[in-house]
Amino acid sequence: MDLINAALSKYVYVVTIFLMVAGLFVVVARANMIKKLVGLSIFQSSVYLLYLGPAKIFGATAPILDSDYTAY
C-alpha cells in the first residue's frame, strides 16, 4: 500500500505542476481577457488539486479516535 500512496502522490504533483504552468502560460501569452480568465481558472484548479491531492491515504480512516484503527 505504501508504494501505491507514493505513486499516487507523485502523479498528483505532476498533474498539479502541469496545470499551473499551463494556466500561467495562458494568462501571460494571451491578450484576450476571456482567455486570461480561462487561464486563471485552470491555475485555480491546480491550486485546489495541490491542497486536496495529498489528503487521501489508502487504508486509513477519518481522524476519529477508535481502538480499531491505527492510521488516520
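This is a short talk on a predicted model of one chain, its two helices and the residues between them.

First, the ground rules. Residues are numbered from 1 along each chain as its sequence is written, and side-chain values use heavy atoms, with hydrogens and water left out. The model is predicted, so local features need pLDDT of at least 70, side-chain atom pairs count only at pLDDT 80 or more, and totals for chains, interfaces and linings use all residues.

Now the overall picture. The chain has two helices and zero strands. Helices here are DSSP runs of H or I with at least four residues, strands are runs of E with at least two, and both are numbered from the N terminus. H1 covers residues 2-29. H2 covers residues 33-52.

How much of the chain is buried? Of its 72 residues, 10%. Buried means under 20% relative accessible area, exposed means over 50%, and partly exposed is in between, with a 1.4 Å probe and protein chains only. The chain exposes about 5800 Å², and carbon and sulfur atoms supply 72% of that. Those areas come from the Shrake-Rupley method with a 1.4 Å probe; for residues, only the protein chains shown count as cover.

Next, contacts, meaning heavy atoms within 4.5 Å. Take those in the chain with a separation of 6 or more: 43% of them join residues 24 or more positions apart.

On to H2. What about the length of H2? Its 20 residues, at 1.5 Å a residue, should span 28 Å, and the end C-alpha atoms are 29 Å apart, which agrees. The expected span is 1.5 Å times one less than the number of residues.

Let me walk through some buried positions. Ser 46 is in H2. Why does Ser 46 count as buried? Because its relative accessibility is 0%. Beyond its neighbours within four places in sequence, Ser 46 contacts Thr 16, Leu 19 and Met 20.

Thr 16 sits in H1. Thr 16 is buried too, at 2% relative accessible area. With residues up to four places away set aside, Thr 16 touches Ser 46, Leu 49 and Leu 50.

Val 12 is also in H1. At 12% relative accessibility, Val 12 counts as buried. Outside four places in sequence, Val 12 touches Leu 49 and Gly 53. Val 12 and Leu 50 are 38 residues apart in sequence, yet 7.6 Å apart C-alpha to C-alpha.

Further along H1 is Val 26. Its relative accessible area is 19%, so Val 26 is buried. Past its neighbours within four places, Val 26 contacts Lys 35 and Gly 39. Its C-alpha is 9.1 Å from that of Ile 42, 16 residues away in sequence.

Last, the surface. Which residues form the nonpolar patch? Tyr 13, Tyr 48, Leu 50, Tyr 51 and Leu 52, with about 580 Å² of accessible area together. H2 gives the largest share, four residues. Tyr 13 belongs to H1. Tyr 13 counts as partly exposed, because its relative accessibility is 39%. Patches take residues with over 30% relative accessible area and no salt bridge; like charges are joined within 9 Å, and nonpolar side chains (Val, Leu, Ile, Met, Phe, Trp, Tyr) within 5 Å. A salt bridge is a side-chain nitrogen of Lys or Arg within 4 Å of a carboxyl oxygen of Asp or Glu.
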